[in-house]
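Dear colleague,

I am handing over the structure below, and my notes on it follow. Please read them alongside the coordinates.

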Amino acid sequence: MLNRTIAPDFIQVNEINFIKPKAQQLDNGIKVFTVNAGQQELVRIEFIFQNVNYDQNKPLQAVSVNSLINNGTKKLSAKQIAEQVDYYGAYLQTDYGADHTAITLHSLNKHLVSVLPIIWSILNESIFPQQELDIFIQNQKQKLKVNLQKNDFLARKTFANTIFGETAYGSDISMSHYDDLKRDDLLAYFKAAFKPENCTIIAAGKFETKEFDLLNQFFGKSWENHNASVANEFNHLPIAGSDVYIEKADAVQSAIRMGNLTINRKHEDFAKLQIVNTLLGGYFGSRLMANIREDKGYTYGIGSGIASLRHAGYFFIATEVGTEVCVSALEEIEKEINILKTELVAEEELGLVRNYMLGSMLGSLENAFSHADKFKNIYFSDLDYDYYTKYIHTVKTITPEEIIATANQYLDWNAMTKVVVGKK
Amino acid sequence: MVDFNRFTLANGLKVLVHEDPTTPMAVLNILYDVGARDEEEGRTGFAHLFEHLMFGGSVNVPNYDEPLQRVGGENNAFTSNDITNYYITLPAENIETAFWLESDRMLSLAFSEKSLDTQRNVVMEEFKQRYLNQPYGDVWLKLRPLAYETHPYRWATIGQDLAQIETAKMEDVKAFFKKHYTPQNAILVVGGNVKTEDVKALAEKWFEPIPAGDKYNRNLPKEQPQNEARTLTVNASVPLNAIYVVFKMPPRLDKTYQVYDLLSDILSQGHSSRLYNSLLKEQQLFSDINAYMSSSLDEGLFIVEGKLIAGVEMEVAEKAIWAELEKIASHLVTDDELTKVKNKSESIMVFSEMSLLDKAMNLAYYELLGDAQLLNVEIDKYLVITAEQIQEAAKTTFKKEKSSTLYYLANA
């Protein structure tokens, strides 16, 4: 007779294999990192550029260039670019992040030869037509108006601005920033940032010699832009914690976002802090979820995280809770942080978190794309694969005492900026 | 191509296995053939509330999530108007834990009052977060009852209102479980680094002892054909006027379903699409414009929605949408347009094979449609579609008397 009360045997994840990319260079010196894996006849090619020349009076310069870069070149109109990319069943994404801009192509191998020239034109010959810029400004302002009515959006924006100030990580975008956008500023940024000296290519999928040769054929020759650029600078100093309250009279829920500047991936304690974060709010069974959602039913979801940027890191807790329980939720969050700082974690819970984090790492290496993503995490933090070896070792061996010490070192209620948008 | 093996247990549970030795992970996906369409009026939101309760402990296992996380696994679930789908990913070596947990909650739940109390609150907060506390969040709460008069698609999966969730009773929960959560009403897909014979042994061990239960025979109220244009005007504190025009379209299994999919792609997929270029770029009437389908198992909806540029008259914007719909109903799409959307569909199919979880979910869904093998021939249905078929679909569908229009206006 089957005894359903007894859990089946299991093992802890032991071996996690990373596919390290092959490092190559195009004829013009652009670095290419390739993860060649997978059965499907498809590739993802990312052209990654560091964000440069940050000017706090023009905080939208880089992000707007990223949005409009596929909206017209010397040879192709916005519509022609879209039509040709779509015709070949390809996907062209332009992503702007805090540190990098990525132009990403997903394509079936058979169409690569047709699509790459379009990308070359975009990266070299974009002209940012005034007409496209005007439409962009109009539509972005409309989107911002809608977003400003979302409590979670407002909480996130206010939080970033409070801890990072008017830097590329925290600038407080308003309608007037859009009105101030000038075509000449976009062109200037384009010419300074989109140059081979500032480009790294990451390719993943079925990417073999033939594909590399194609890439070299189109992108290994000379590029159009070489203007000088200055790396973005950050000199963030931790600030004292504060309460920021934005009242919304008709809210039925309040958005809470709180946290502070902290270490990033380069710091030796980062893995330890990630484990502390996981215990607190980093997975479905976390203490914040168990208490505030599963026990009290105050929210649909609550979580915490650590973001590792190139020049900074930050810790945050985010949730949306019923307005009538907003104050109680804040009290419970503080309580959970204090417990983590004062009480030893039971081995039962720690063992679960160890296994969960290892399983989660294993599961995050699903395909060639995810192996490439893992490489990007370390490469752009100036780290190598030792980082993952140490991470896995720390997850397997951290002690309850170390967890208390780490929580005390990095989690400080009084140092946290606590943003509430809604009612409390 | 997604290969699979298939067998049925004595209690009627269908099992599909997709072997993928390239991953160290495994997925266990279980689809229950029950959604919001199976609810009764006045007790709506129940399929979704029930999905939450499935995580509140089962008859022999007091906590669902904890033992799964302990073996390095993760899980989640979703409810739609048609189905409820649960999935687990975990290291393949620990797959038996997934069988243990998933089979016990099919056998019976713990039905704890505490869990019901909490999840009622959680779902009410979800209702607020997604539908009430967002600009335009309640659009589908308004649109569904406008477009459907009798079919249960007239309510959203979250339910008609907060009160129906608040008053859900344990006896309702138990009855719902008995009626819908039976082996013969479910499809189990196991994928990843597994072998069919091992999956078979595990399925027989953990799932086969579960009683078959009574077969649920679906008999939903039929929607009468729509013969008059319907409109609804809503005023709300949102920054922009918006318009939603919806049309009835054939059910998922109709042979023209894929034609409608390409029709929506030509109108609205990406920056080369017609609505984007005509209405947003050239005429500059909208800052957002989209056309898409509800992809429903019963008669579904084809939706066109947009947010108007400040200062544009609603009448002008609406006319412009209709002009595009009439154009595609009266003129053949070009060869290039047709090739483009076919190529795009092909890409989508290939890219979806990059994800083990997507493959498992797709197998389960196509098995529900009648045969998982349909997944592997789906693209062929797209490749043979002609410009004439697209025009015909547009002509049959885009009629004033078949439309329901929601004007969502910004309070002055």
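How many residues does the contact take from chain B and from chain A? It takes 61 residues from chain B and 56 from chain A, where two residues are in contact if their C-beta atoms, placed from the backbone, lie within 7 Å. On the side of chain B that touches chain A, the largest share, 9 residues, comes from α12(B), and the residues of that side divide into 20 nonpolar, 23 polar and 18 charged. Here Ala, Val, Leu, Ile, Met, Phe, Trp, Tyr, Cys and Pro count as nonpolar, Asp, Glu, Lys and Arg as charged, and the others, Gly among them, as polar.

This is a predicted model, in which local features need pLDDT of at least 70 and side-chain atom pairs count only at pLDDT 80 or more, while totals for chains, interfaces and linings use all residues. Residues are numbered from 1 along each chain as its sequence is written, and chains are lettered from A and ligands numbered from 1 in the order in which they are written.

In chain A, helix α11 (residues 326–342) has 17 residues; helices (H or I, at least four residues) and strands (E, at least two) are DSSP runs, numbered from the N terminus. Its buried residues, with 20 or more other C-beta atoms within 10 Å of their own C-beta, placed from the backbone, include A:Leu330, A:Ile333 and A:Ile337. Seen down the axis of α11(A), the buried residues fall within an arc of 160 degrees (taken from the directions from the helix axis to the C-beta atoms), so they line one face of the helix. The face turned away from them carries A:Glu331, A:Lys335 and A:Thr342, which are exposed, that is, with 12 or fewer such atoms.

Best regards

Notes:
The expected span of a helix is 1.5 Å times one less than its number of residues.
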